[in-house]
Amino acid sequence: MTPIEKLEPGQVRISGYEYDDAGNASGPGPLETLTLGELDGTLPHGFVRGPELVRSYRFNAPKMGLRRKIGELRQKPKIAGSLGRLTAYVLALALESIGGEPMPKQREKAALLVAGLTVGDVFALSMDWRRVCAPRGIKFEDGSCGHCGSGWSSVRINLDTVGVRALPADATAADSPRARVGLYDGIPFGEGTVQTVVVKPPTWLDFLWGVHGEAQNNKTLLRARTLGAAICATDIEVGGRPIQRLPLQALDELMPDDEALLDETISRIVPTPEMVVEVDCPDCGQKNVVPMDPWNNPGFFGG
Ligand SMILES: [Zn+2]
């Protein structure tokens with residue numbers, strides 16, 4: 001392992017697929033749109049197993065007994081205290097198999113398998129499971145119309161309208177996106193300064209697994225964890241050893257320009273569900289766009 005090749009400040013090189021703001025992919029093939037609500041599904045990104053990019057999964061039937069078991073996870077403080085852990089444990093129970101292989105019997109093992117998926121894949125799985133459990137749509141609480149101001153007490157949201165951008169069906173392990181980024185200011189580390197980094201789509205384990213309680217609402221901390229999780233190689237050595245991962249404290253040195261550049265680049269290589277849905281106001285009939293991200297929707301996961 002040698003340090004990676006340097007880029008000029010502000011330069012970004014992407015390999016594999018890339019996404020624009022509208023969620024359109026560019027690469028060797030066209031964008032796939034995933035259908036939610038079936039027991040069999042496709043991960044937007046997937047993970048590499050041998051030469052293969054594994055993307056298929058299957059949910060268990062959403063019977064009441066299973067949903068009760070999932071609801072009981074909320075009573076376990078060690079699991080429910082962390083949104084990241086709760087999400088992984090919920091999906092571990094909800095899933096029957098990933099990539100054709102049954103989920104591990106041991107619960108912790110199954111949850112860790114889910115947590116090894118990319119953040120975008122876990123969001124997509126969570127959204128899909130909600131859709132499977134709520135074929136008539138979910139009830140939206142505490143919302144109000146942005147046009148007429150009327151409060152909504154009984155609006156149902158049909159999750160079919162959630163867009164999930166995904167790698168094309170024939171994508172291979174080599175298409176799994178990576179980006180090399182030349183930083184403007186760089187990150188002081190050891191005796192030197194990191195000028196160029198490689199970023200990959202971060203996993204749920206790196207990003208949220210260890211975040212508890214109040215920290216879940218700390219957007220700066222979550223962003224730092226995302227960036228830290230995404231960086232997988234750098235252009236420096238310390239004591240003759242190439243540095244691949246940077247500790248969270250090193251990222252405290254990030255200047256806003258570099259933070260924005262890294263953030264933008266990560267969003268270009270991460271296939272994620274479009275976390276908004278369109279809702280017609282029952283009173284005035286106008287369309288509203290409602291954010292569906294978990295931080296604005298307590299109880300988003302585990303339903
Ligand atoms: Zn209205």
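## A helix pair and a sheet

Residues A88, Y89, L91 and A92 of helix α3 meet R107, A110, A111, V114 and A115 of helix α4. Two residues are in contact here if their C-beta atoms, placed from the backbone, lie within 7 Å. By class, eight of the residues in this contact of α3 with α4 are nonpolar, none is polar and one is charged. Ala, Val, Leu, Ile, Met, Phe, Trp, Tyr, Cys and Pro count as nonpolar, Asp, Glu, Lys and Arg as charged, and the others, Gly among them, as polar.

This is a predicted model, in which local features need pLDDT of at least 70 and side-chain atom pairs count only at pLDDT 80 or more, while totals for chains, interfaces and linings use all residues. Residues are numbered from 1 along each chain as its sequence is written.

Helix α3 covers residues 83-94 and helix α4 residues 107-115; they pack at an angle of about 110°, with their axes 8 Å apart. Axes are lines fitted to C-alpha atoms, for helices over the stretch in contact, and angles run from 0 to 180 degrees between N-to-C directions. The two helices are therefore roughly perpendicular to each other, a term for angles of 65 to 115 degrees; under 35 counts as roughly parallel, over 145 as roughly antiparallel and the rest as oblique.

Next comes a sheet. Four strands form an open sheet with antiparallel pairing, in the order β5-β6-β7-β8. Its edge strands, each pairing on one side only, are β5 (40-49) and β8 (101-102). Strands pair if DSSP finds at least two bridges between them. Strand β7 (residues 95-98) pairs with β8 in the antiparallel sense over two bridges, and I98 has E101 in β8 as its bridge partner. Helix α5 (residues 119-133) packs on the sheet, where it touches β5 and β6, and its direction makes about 160° with that of β5.

R55 lies in strand β6 (residues 52-59). Leaving aside neighbours within four places in sequence, R55 is in contact with T42, L43 and G46. R55 counts as partly exposed because it has 19 C-beta neighbours inside 10 Å; 20 or more other C-beta atoms within 10 Å make a residue buried, 12 or fewer exposed, and counts in between partly exposed, with C-beta atoms placed from the backbone. The C-alpha atoms of R55 and L167 are separated by 9.6 Å, although these residues are 112 apart along the chain.

For the whole chain, 37% of the 303 residues count as buried. Of the contacts between residues at least 6 apart in sequence, 69% join residues at least 24 apart.
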